[in-house]
Every structure is written in C-alpha cells, then in structure tokens.
Amino acid sequence: MAKVIIIGGGAAGMIAAYSAALTSKQVILLEKNEKLGKKIFITGKGRCNLTNASDMNIVMENVVSNKRFLFSAFKNFTNEDIMNLVENNGTKLKIERGNRVFPVSDHSSDIIKSLENAIRDLHVDIRLNTKVDELIIENDRCIGVAIGKNKIMADAVIVATGGMSYQATGSDGDGYRFAKEAGLSVSKLYPSLVPFNIEGERIKALQGLSLKNIHAYIYNDKKLVYDEFGEMLFTHFGVSGPVIISASAVIGNKNIRGYRLSIDLKPALDEEKLDERILRDFAEQKNKSLKNSLNKLFPAKLIDEVIFQSKLDPDKKVNLLTKEERHSLVHATKNLEYVISSTRGFNEAIITKGGVEVSQINPKTMESKKIKGLFFAGEVLDLDAFTGGYNLQIAWSTGYAAGEGAGNEQYSD
C-alpha cells in the first residue's frame, strides 16, 4: 500500500512528492499527461519565472486572495528554498528586473528536469498517462484513488491538479470536482491574470502595438478601482500586457462590463508641460497637417487614434489649431479611453481565481479539516497573486506543506 498518493505532476504536485518522499518511502505521483510539468513548460513565455527573490514579506504583499492563510507555508518553504533545490539539482538561476527568478538558460525545461531529478533521487514512483477518476473516501477519511476499475489504496492523498487555466495542459477542473465530491466548498472560479476585451472595432487597428512607460487607470463609473505604471499591448480583441494582466487579478472576479480603461500615454509630463512639448513640435512643422505632425510624440499606429479621441480634423494645419483644440489633444494623450466588455477566457488565463475554500484547510499541513488524509495544494486552492513569480511560490510553499503533512502521519487517528 502506498503511503502517499499525489494527483497532478505540476509545480505543486512535484514539490509535494519531494517533501513527502523526505519522510515516507512510498510515494506515488500520478500525472494524466505524457510528461511532468506541462504548465511549467509554458510559464514565463517558456522561460519559467520560478519565484520572486524579494523578501518573503514582499512576496506575501503580492498575494491577492487569502494571503494570511499562507503565513505558515511561506515561512516553512521560502523562495530561497525552492531556488536552492533547483540549483542543487543542476539548473543555475538568475535574477532579473522586479526580482523575477529565471533559469540562466532561459529554458523552462531545465527547471522541470531539476525537479524531476530531485524526486527520482528519492525514489518517487512516477506514473504518467494516468488519470484519476475519483477519490476513495470511507468514514470521513481518504484512503485511496480509483483509476477506471483499478484502485490504489493509501494513507494520504494530495490533490494538486491545478486550476482551469491553460486547459491545453490538462487543467480541466478535476480537483474542484474531487473537493465537491468530498463535501468541501469551492468558491466561484474566474480566469485571472488575463487580457481584457474592449468594446468597438477601432481597437483592431492598434493590434500588435506595444506601449512602454504608460500609466493605466480603470474606473467603475467615476470610482478608480485600479492604476499601475508600466507596459501594455493592444491586441485584435482588446488589451493585454503586464499592467492589464495585473489589473485582472484585482477586478477580474467582478462584472466588469462597462468599466473604463484610461491610458496616460505621457505620465512623465503634466498637461502644461505636454502642451509646451506639442507647441515645440508644431513650431518645427508649421505647414504640416495634424496627422503628419505627431510622429515624434506617438508611434505611427497610435496617431490616428489619438486624433480621433481628440475630436480634431486630422487634415487641419497645425499652425491653425486653436488653444482649445490643442488642449483637446493634450487631454486625449493623458486620457486615451476604452470601454471594457469582459475578460478573456480560462484558456488565456495564467491562473484561476477562486477554488477550494481555505477556511476548510489546515494552513500548516494543507489537510482538509473535514476529511482526514485528504490534502490540497497549489492552484486548486482559493489563492492567487500578481505576476512576477508569486503564483509559483504559492504552488511551491503549499505543495511542500502538503507533502510534509501527508508524509508525517500527524493526521492518523
């Protein structure tokens, strides 16, 4: 009989297998895909932002949902712990802007290889192409799993199946079903760290345009609900990029239809200084039309849009523009506006917002308070954070806690 079974060979599952194997000689890791770490492979655009090297208090501050729940897990297994584990198993790491940690090779496959080396060295029984159909629960205790007509019995089972995001990697919500069948509550699920759809057709003309050093503001009616300085990207459906993705972590679980996105294209300049800058540019191009006089101020793709939102005549000569018309141009530059219709779906989401409600889980061991021997780790839990390596740190810390808790028999009657 297996001591510990882990369902899911992603980030949380692999680290749970590692920590369980440190205390138990019989650990089985079941993965439905043909290889481990399929979602890790595509994270960070294929580079894998392993964690964030900031102080763990800062890591905690970047958790959006239920951060207090993570206090014990973050203390028990830190960003330094996962970095040391990966480096000790053959992958050198580097720290980039914002304290993001990546493999020196820029290949996420090296991270997966290191973790796989670590668990194979501890003789974890890895079974690929193995889909668990249901948990076996008797007398409020999880005693194994069913795979078709076969059963594997165990002292403890860890559910580390991921969420609903990037469904092509096998994240189909099995873990939520397991939790519900065990009588646990699962909060409503939303795609998070995801782009936004924008109303109207004009946005399509901006497809592929990337903007740096802008300040994005999102309003619900007149109430400011989010603002951030950084980079963004226009797509065929709307907007994406770091500041937009982070916005979805804050407001993505609300009905955001009708929310307004306002982009300050020149946040370093107040309106007066921007007006002076425009006047200087126009002085050099007195006889040119407005549409041919803004190439120093904006990327070519953006000029028509700014003029459109200024409600000005693109063919009017700049030396004929009134002060009021110039101020309209300044206003549009500081407040380029769009109406948000919705977020994109789960298949474009980096993570899932919502999940197994953490009030039902022991924060030190990740064990269900209701069903003995049943543990949860990673994205299946109602925990999420901003981009920057923070979500993977949640997976590492909760996975480690679950493996340790399951391997330690502290849950036995």
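Residue D221 sits in the loop that runs between strand β13 (210-220) and strand β14 (223-234). The structure described here is a predicted model. D221 is not a glycine, yet phi of D221 is positive, near 60°. With a relative accessibility of 60%, D221 counts as exposed, because this value is over the 50% at which exposure begins.

In general, the strands of a sheet pair through backbone hydrogen bonds, in either a parallel or an antiparallel manner. One of the antiparallel pairings joins strand β16 (residues 260-264) to strand β17 (residues 336-343) over four bridges. L261 has Y338, a residue of β17, as its bridge partner.

A separate antiparallel pairing involves strand β8 (residues 134-138) and strand β9 (residues 141-147), which are joined by five bridges. E138 has R141 of β9 as its bridge partner. The strands β8 and β9 form a hairpin with two residues between them. In the turn of this hairpin, N139 has a positive phi of about 50°.

A positive phi also occurs at D106, which is not a glycine and has a value of about 65°. D106 lies in the loop between β6 (100-103) and α6 (108-121). The relative accessibility of D106 is 28%, so this residue counts as partly exposed.

Aromatic rings were examined next. A pair of such rings is described by the distance of the centres and the angle of the planes. A search of the whole structure gives three aromatic pairs. In one of them, F77 and Y400 are stacked, with 4.3 Å from centre to centre and 10° between the planes. This pair links distant parts of the chain, 323 residues apart: F77 is in the loop between α4 (71-76) and α5 (79-88), and Y400 is in helix α12 (residues 390-407). F77 and Y400 are both buried. Another pair, Y217 and Y219, is also stacked, with the centres 6.5 Å apart and 20° between the planes. Y217 has a relative accessibility of 22% and therefore counts as partly exposed.

Helix α12, which holds Y400, has 18 residues. The distance from the first C-alpha of α12 to the last is 26 Å, close to the 26 Å expected at 1.5 Å a residue. Of the 18 residues of α12, 17 are buried, so the helix is largely enclosed by the rest of the structure.

Charged side chains lie over aromatic rings at two places described here. R344 lies over the face of F237, at 3.7 Å from the ring centre. K35 lies over the face of F41, at 4.9 Å from the ring centre.

Another arginine, R326, is located in helix α11 (residues 323-334). The relative accessible area of R326 is 12%, which means that R326 is buried, because burial applies to values under 20%. Neighbours within four places in sequence aside, R326 is in contact with D275, I278, L279 and F282.

With residues up to four places away in sequence not counted, E357 touches S185, V186, S187 and D382. L184 and E357 are 173 residues apart in sequence, and their C-alpha atoms are 7.8 Å apart in space. E357 has a relative accessible area of 29% and is therefore partly exposed.

Key. Residues numbered from 1 in each chain as written. Predicted model: local features only at pLDDT ≥ 70, side-chain atom pairs only at ≥ 80, totals over all residues. Heavy atoms only, no water. Buried < 20%, exposed > 50% of the residue type's maximum accessible area, 1.4 Å probe, protein only. Contact = heavy atoms within 4.5 Å. Pairing = 2+ DSSP bridges. Phe/Tyr/Trp six-rings, centres within 6.5 Å; stacked < 30°, edge-to-face > 60°. Lys NZ or Arg CZ within 6 Å of the ring centre and 35° of its normal. Expected span 1.5 Å × (residues − 1).
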